[in-house]
Number of protein chains: 2
Amino acid sequence: MTRPDPLVVFTPSGKRGRFAVGTPLLAAARTLGVDIDSVCGGRAICGRCQVLVAEGEFAKHGVRSAADSLSPLSESEQRYSSRQPLAAGRRLSCQARVEADVVIDVPAGSQVHRQVVRKSAEARDIELYPLVKLHYVEVTEPDMQDPSGDLQRLQAALAREWQLADLQCDLTVLQQLQPVLRAGGWKVTVAVHDASRIIAVWPGFHDESFGLALDVGSTTIAAHLCDLASGEVVASAGRMNPQIRFGEDLMSRVSYAMMNPGGAAQMTAVVRQAIGELAAEVSASAGIAPQAILEAALVGNPIMHHLVLGIDPVELGGAPFALAVDEAVTVTAAEIGVALHPNARVYALPCIAGHVGADAAGMILAERPDLTDEITLLVDVGTNAEIVLGNRHRLLACSSPTGPAFEGAQISCGQRAAPGAIERVRVDRETLEPRFKIIGSDLWSNDPQFAAAAAATGVTGICGSGIIEVIAELYLAGVISRDGVIDGSLAARSPRIVPHGRTFSYMLYTGPQTLSITQTDVRAIQLAKAALSAGIRLLMDRLGVERVDRIRLAGAFGSHIDVKYAAVLGMIPDCDLEQVTSAGNAAGSGARIALLDSRSRATIEALVRRVEKIETAIEPLFQAHFVDAMAIPHRTADYPSLRKVVDLPAATPTASGGEGPRRRARRAATPAQPV
Amino acid sequence: MTRPDPLVVFTPSGKRGRFAVGTPLLAAARTLGVDIDSVCGGRAICGRCQVLVAEGEFAKHGVRSAADSLSPLSESEQRYSSRQPLAAGRRLSCQARVEADVVIDVPAGSQVHRQVVRKSAEARDIELYPLVKLHYVEVTEPDMQDPSGDLQRLQAALAREWQLADLQCDLTVLQQLQPVLRAGGWKVTVAVHDASRIIAVWPGFHDESFGLALDVGSTTIAAHLCDLASGEVVASAGRMNPQIRFGEDLMSRVSYAMMNPGGAAQMTAVVRQAIGELAAEVSASAGIAPQAILEAALVGNPIMHHLVLGIDPVELGGAPFALAVDEAVTVTAAEIGVALHPNARVYALPCIAGHVGADAAGMILAERPDLTDEITLLVDVGTNAEIVLGNRHRLLACSSPTGPAFEGAQISCGQRAAPGAIERVRVDRETLEPRFKIIGSDLWSNDPQFAAAAAATGVTGICGSGIIEVIAELYLAGVISRDGVIDGSLAARSPRIVPHGRTFSYMLYTGPQTLSITQTDVRAIQLAKAALSAGIRLLMDRLGVERVDRIRLAGAFGSHIDVKYAAVLGMIPDCDLEQVTSAGNAAGSGARIALLDSRSRATIEALVRRVEKIETAIEPLFQAHFVDAMAIPHRTADYPSLRKVVDLPAATPTASGGEGPRRRARRAATPAQPV
């Protein structure tokens, strides 16, 4: 009877098999389909294939130590270890050979498809499936007796060592291939995109591959540099979108493109340049060259998406709001003139509809509302609010023209979120006196230390979340009616209420400058929140629900807003407030997922096709919802969940009396729904 | 019993079938796989689907005329006919419907895959399988209720009307798609490359697609503009390769690249610009814009091939003469900065070896020596001679460093083939007096009218074919020995023989300037022809043949040379002179075939892999053959076929006496061959 071959068990996968004595662990792992990384192809150069010799079952019972179950350190392994010491119990799986039964642990860092942990507790981890992979190969030298192209011998090496057949090759790689092969002594590392195309080549061993997740907003552009080997974000940066000088909001940019020949091209040029500068900035932080960025994924609203791709967005400026392309687009960095590696592929996520862009697709990919039975509402508030509603059965999306009021624009003393801006406000229910906090300080304004703390920045204006709070607080204090009218009769009770033309204002701050909430400001917020609310309501009508199970607020605004006040003003529908949370930069997270997990691209492309697109501009009900939603909601009747949280003032009749027009409109629109 | 459906017979294919009354002829043809063209997709716009109603078998026996077997002219057909009258008996097959049995002739002009007739009697016709096809489509307008990208609706139309699924789209097409769709009222024509990619789009119906066949030689660049619908060459042009200012021959250009940083890039820039200018020139002749050129095919020697692609050719300047790439390469016109349609794909034919380029591949494709049992020798004489030998069983190729002597360079009174250059020479065997012809005149120089005829140009020098003739004639007249020595003793007999340093010259022409053949000139031609001969001999050795069945001489030199004199000098091996013919610009023809018949690309790519590549630089036998071939061949012993044609002088012993070293070497090299 022959002794059986040694048993090798890999953890954490639990995969196991018997292998002849002398089999390299890496080969055993490959045979079993155990996920172990390698760039150098088993030459003890890259160190990516490290494993840990575990003290497992065998060691408990056996006579030999676990380490004895493997061949001793090879010469190459010793060479590697002298450059880059191996931790205790670690071996290079390409060098260590099986001698006896053994349990081998594959640490996360050695897995190709490791999990990338995301910060938010609610977020799923990203599984690493990068589209660009590095492969080190040794290429046969040219032979006059059997002439062949250097590229053909490189391709043969990639087929032989990496089972990569029929690889295409970008022209710029071909142009530099000969000097690179010779500089590397016929040893080179190539970057292969999607197992189908050679996009870069370096002499010798090269172990740097980076990707860029790009979130191109109308106001700001954010970039996250990711190490494609680990999936980690190694640097992030943001900057203003330089297109702002052509128009503050999206529609003014489309107008610019319409009115100025070459205007779209101008806006394309500046946004591409800004992306290049951001790439340079994050690269510098990480100590790499921007040319080390081999892949990018991009989200943005449809107009930003089109402008980055060099498509004139004029069609998005009017009905029928036709996208040039709704499916995902992949271009090279060189084609769009963005200074990464010229052959880096830039993947733009699909757009959903004329007003619902790749940013919404990114949000869906980051949040995956399709994975649960719960009805999830996703809202990304910008100049347009992009709204997604649904669960595993149905997904609906629309965009609603909130305008820039939530970002502090169109508000008399509004400003962007920046140090000095008021972001938190409380109004005393009796005295109507305010206290507030500014960005950059943790102190309330009635703290004796506040003046000193605020001296550096001053109190400069009110940002989006501050406006929401002050108006909600004024409502809760009875200064503002459900119809949004500042009650002038209170001027008798408080010097804060002052006449302002034929209406009244509330003086929030009187310092070097006076910051007041005017009647016009309240109207601007009412219009914005009515648009948001109407969009959400429209989707809820279509889905046939009266409540949602959870709400995720995306974007900067969603991160800063106090959801309680959003609920008071009726910006969001009734929902347990514990289930209303910030999704952070969900669109940007979607870009990062698409960048790191290539399989997610098919997922979002398929999901987007399933999304039911609602065009608010042509929905008659939208207008009705909008008119109705101008008022501040009716106490607990409209928002029962609020009862637990804030003490609402006694019912204030609206101008139109009793039941608000929204409830009437809803009833008319959904006759089949029980009221 | 029901009456059977009408029978439709298509000629010349003979395909037949029964179709329900009312079936459009085009649909019937498609069902049977009959090749009928259409761009407009059956809308009576393009007129490409015209057929002829034949008076066939049925008409002979039947009671109705053939024309009655079809529906009457439709309204659309009448509209077409009013713009573009239909010839008698012609119908648009998309409009004419079957009513009774009928015979339909599909004229060549209506076939997609028509035969393109080539000029030379020996050349096979080209079957038209262009890679770029035009398709007219009507695109659904955008709908806010069901938003989708314009590109997606275009793709849907192409899938619906043309069964073209999963089409990719070039970015520049996407960038202009929206305005083009609207300008065309949602009717557009697209150019689809290889049934896989949209590379161009025009508003409305568009019926122009052109291709460019490019032959990039070291000295001249030739371009042929082809109509991709008919396959016809509509314009041709050539110009000097502007790289000449960096070096007359290939090796001096490689040296320039080696010695001057950026030198290769300079040469790349000028050759690309010249190609763009040629494209503009042929486009202007044809009355089209260069942007109407949607496809190109390119041949050239390896160094030209690499420089056009932007690859530094330094590796081709020394052993092991490694190509960067030997397989076919496809790039866009934009990628290589050539001013055609930016998305035009440029197909560079495969290279064979470091000295045997895409031009040799083009020659093989044009001549197809692999199709017969006959042993064919293909020779393209330039600065290097590219030589292919073989038949259906084996193909061998090499390059031989002939230098530029055959092109008139390195010859004291040599010049390029241009008006005024001596191209034909006869030397009287008795008086040793010459007569000659110059390019641009049909008169011999001893004709009384010659002086007047030559006045316009003068007699300016000797071109390649003139040099061959004068040296061969001088040999036949006994002025030059088999060793190539000008016999100074003849100076006594003729004033044409004059001393020139320590050797002698032959004064061919004494006018305003004297044109002489010097001893150095003879040596230069001996070196060139020895190199050519040694290369050919090497391939014959390898193939194990002593004779070839046919010889095709390609290139300008091959077109002008009198093969008898080439045989006298021993430039070509023994072969029935009737089987030695010019192949014209075979490399350029190969480019045209690759352009027009896309299937031929796979053919040449496979053939090139089969070719046995011989590197003359490392073949010890090459040197032996070369030394041996310096002498002029031994009468009829070396070239029995010549016996019929020219009266050879009596045997003149060579310096080395009796049997030449070549025969000795050959014997040594092929011991198995009977001597």
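Mentor: In chain A, 3 strands make up an open sheet, ordered β24-β25-β26, with antiparallel pairing. The edge strands are β24 (497-500) and β26 (514-517) of chain A, each of which pairs on one side only. From one strand to the next, the twist averages 45 degrees. Keep in mind that this is a predicted model.

Now zoom in on one pairing. Strand β25 (residues 503-510) of chain A is joined to β26(A) by 4 bridges, and the two run antiparallel. If you want a residue pair to click on, take Met507(A): its bridge partner in β26(A) is Ser516(A). As background, strands of a sheet pair through backbone hydrogen bonds, either parallel or antiparallel.

What lies across these strands? Helix α12 (residues 519-543) of chain A lies across β25 and β26 of chain A, and runs at about 55 degrees to β26(A).

For a piece of helix packing, hop over to chain B. There, the axes of helix α9 (residues 358-367) and helix α16 (residues 599-610) of chain B come within 10 Å and cross at roughly 115 degrees. The crossing of α9(B) past α16(B) is right-handed. On the α9(B) side the contact uses Ala361(B), Ile364(B) and Leu365(B), which meet Ser600(B), Ile604(B), Leu607(B) and Val608(B) in α16(B). Sort the residues of that contact by type and you get 6 nonpolar, 1 polar and no charged.

Next, zoom out to how the chains go together. Chain A can be laid on chain B with an RMSD of 0.1 Å, using a turn of 180 degrees and a shift of 0.0 Å along the axis. The two copies are therefore related as by a two-fold rotation axis. In chain A, the C-alpha nearest that axis belongs to Glu335(A), at 4.9 Å. Both copies use the same surface, too: 100% of chain A's contact residues recur in chain B.

How many residues does each chain put into the contact? Chain A gives 41 residues and chain B gives 41 residues. Between them, the two chains bury about 3,300 Å², with 60% of it on carbon and sulfur atoms. On the chain A side, Met144(A), Leu171(A) and Gln178(A) lose the most area to chain B, together 21% of what that side buries.

Conventions
Residues are numbered from 1 along each chain as its sequence is written. Chains are lettered from A and ligands numbered from 1 in the order in which they are written. This is a predicted model: local features need pLDDT of at least 70, side-chain atom pairs count only at pLDDT 80 or more; totals for chains, interfaces and linings use all residues. Side-chain values use heavy atoms; hydrogens and water are left out. Copies are superposed by least squares on the C-alpha atoms of residues with pLDDT of at least 70 in both. Contact means heavy atoms within 4.5 Å. Axes are lines fitted to C-alpha atoms, for helices over the stretch in contact, and angles run from 0 to 180 degrees between N-to-C directions. A crossing is left-handed if the near helix is turned anticlockwise from the far one by less than a right angle, and right-handed if clockwise. Ala, Val, Leu, Ile, Met, Phe, Trp, Tyr, Cys and Pro count as nonpolar, Asp, Glu, Lys and Arg as charged, and the others, Gly among them, as polar. Two strands pair if DSSP finds at least two bridges between them. Buried area is the accessible area (1.4 Å probe) that two parts lose on being put together, summed over both.
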